[in-house]
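Biologist: Can you take me through this model in plain words? I am new to this.

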Amino acid sequence: MNKKGYFGPYGGRYVPETLFPALEELDRVYQEVRTDGDFQEELKVLLNKYSGRPTPLYYAERLSDALGAKIYLKREDLNHTGAHKINNALGQALIARRLGKKRIIAETGAGQHGVASATAAARFGMECTVFMGELDIERQRMNVDRMRLLGAEVVPVSSGNKTLKDATNEAIRHWVAHVEGCHYIIGSVVGPHPYPSMVRDFQRIIGDETKEQIMADEGRLPDVVVACVGGGSNAMGIFYPFVEDKSVRMIGVEAAGHGVETGEHAVTLSEGRVGVLHGSRSYLLQTDDGQVIEPYSLSAGLDYPGVGPQHSFFKDSGRVEYVSVTDDQAVAAYGELCFLEGIIPALESSHALAQVSVMAPELDENTIVVVNLSGRGDKDMDSVRPFLLKEDDRI
Amino acid sequence: MRDLKVIFDGGTALIPFVMAGDPDLETTVSLVEAMVEAGADAVELGMPFSDPLADGPVIQEAGQRALACGTTLESVVKTAGEIAGKVAVPIILMGYFNPIMSYGVDRFASDLADAGVAAVIVPDLPFDEGDELHQALKSRGVTPILMVSPNIADDRLAEIGRRAEGFIYCVSLLGVTGQGSLHEGMASYIERVRRNVSVPLALGFGIDGPERAAQVAPLVDGVVVGSAVVKAVHGSGGGPKGVACGAKLIGEIASAIG
């Protein structure tokens, strides 16, 4: 970072003045806890004993045989609540407690961040309100039920496309109005400074563990690391510790939805232009007139028009390659992992898996590929059922 | 007219907000003319944006309606020029940074200057991020207006005080536009801002009608009325009826604040 909160020309704090005191205070506490042994120890114990870390780095033998490379899966789906989102939610809940906040707000797309926030809030005895687009509520019903069971209030958002972007707008507006009483747990490496750095630091445990585990298993670093990118928190989490390891090729996979050529996609990094949304400057899907374009993906967690500012920086510097795969490719990869490995991956993570299938012909059998399996996919049954199950199998 | 100072010369300035293009740009022109006739001292013209973070549902929906009927930043700037040629009060544009960035900061500043726009308010562009736009505007004689909120820290308020030109937009509450209750410690908040700022103070957000405007008028140099105007115009069906209704509300507020 150069200027405060910037990664090259990306990042910053493009927010109403009302939020400044909260961001300043959050930044102060975040800087404090980075080197606070007690805080780090408490978080570590929580991650180990409550969430189940370290998550395994699993060698997917049958998938490897099928695709012709050594494919490892970083099993973030085995975290408590079923996705990497809990890493960040627990970290921020601890910060909220230190800030003296009794109430948590969050936005969610696929529901995994909402569930993680509701879980962390329940664990610390805080109130929790989760903003979620009406369309996402429909397609992620199970996660809505989970959040409610955990005691969270789920607020349906009916503006725009009724998805993650709109839920984020609503959460920020609510935060502006209740800034003194609540902490906003942003779920990805997006938003105003210090969120992109803070969320990255809470998620880098994915990459730190992967590095240690692959060295133990293979005695060398991976050749390729692949992760899906919506806002980009699971990708940033696994990429960041490898940034200086130049031999490691890193690939971020965005959602091409119905296909980039159809205009119905969420391919921010190659189809977007630099803009400002939700508090930071980054690549953004927008019209010629600067209005934000409603993105599309079958996967609710990737259905976002922006991307974390550090990803924009990595794109420009070339350190990470960003590609995209369609809904159909992701669903095929979803099915393939189910059949070959007995693991139901999140539709989001299935985009990363699909990219490995795309790359397979160019890979040598000794190439070590690590895919970040960011979450589990039972939440996506309703979305994939029409694609994967025959008519008479439908339940 | 580009002189902001004169609007604060005779009593509390009344600054209504109109969303450009709601329901269409032609109506916007008539509405501004009618409001000026009814006693507006300056007019804020909203530049619609798809994701307005500082606005409540009323202005958010007005922006959606404006976009749905094809309003663009380019057409708003053109309309601002048309209005500036017709009315004798300053025109202030208000909107979010992304469309401005997309339009091009330099082009925006120079087109605004050509259109005769007096000032610009960008709620999601704090001074820390605003150097490029603010310099571009100032070099062409258009004033960037800074905002403050009741929870602002002293050192930040002092910094804004040093940078402020034209007037300071004081947000009346912790919240978005169109919300109900004003900040509890309004008098001490305004007094704190006064101590740090030498330009006039205009208060906005939550000024929902003549009564509340009259209540805050003695504290500040100007009041901004946004959601209430948008609601009055839209609620009466837009068009000529909406124009009459918006002008009537402005007339009532003008009388109430004297």
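Predicted model: local features only at pLDDT ≥ 70, side-chain atom pairs only at ≥ 80, totals over all residues.

Biologist: How many helices and strands are in chain A?

Modeller: Chain A has 16 helices and 15 strands (DSSP runs: H or I of at least four residues for helices, E of at least two for strands).

Biologist: And how much of chain A is buried?

Modeller: Of its 395 residues, 65% count as buried, meaning under 20% relative accessible area with a 1.4 Å probe, protein chains only.

Biologist: Now the interface. How much area do chain B and chain A bury?

Modeller: About 2800 Å², 50% of it on carbon and sulfur atoms. Buried area is the accessible area (1.4 Å probe) that two parts lose on being put together, summed over both.

Biologist: Which residues of chain B lose the most area there?

Modeller: D51(B), L53(B) and E129(B), which together make up 23% of what that side buries.

Biologist: How many salt bridges are there between chain B and chain A?

Modeller: There are 2, a salt bridge being a side-chain nitrogen of Lys or Arg within 4 Å of a carboxyl oxygen of Asp or Glu. One of them joins K165(A) and D51(B), with the closest N and O atoms 2.8 Å apart.

Terms used:
Residues numbered from 1 in each chain as written. Chains lettered and ligands numbered in written order. Heavy atoms only, no water. Buried < 20%, exposed > 50% of the residue type's maximum accessible area, 1.4 Å probe, protein only.
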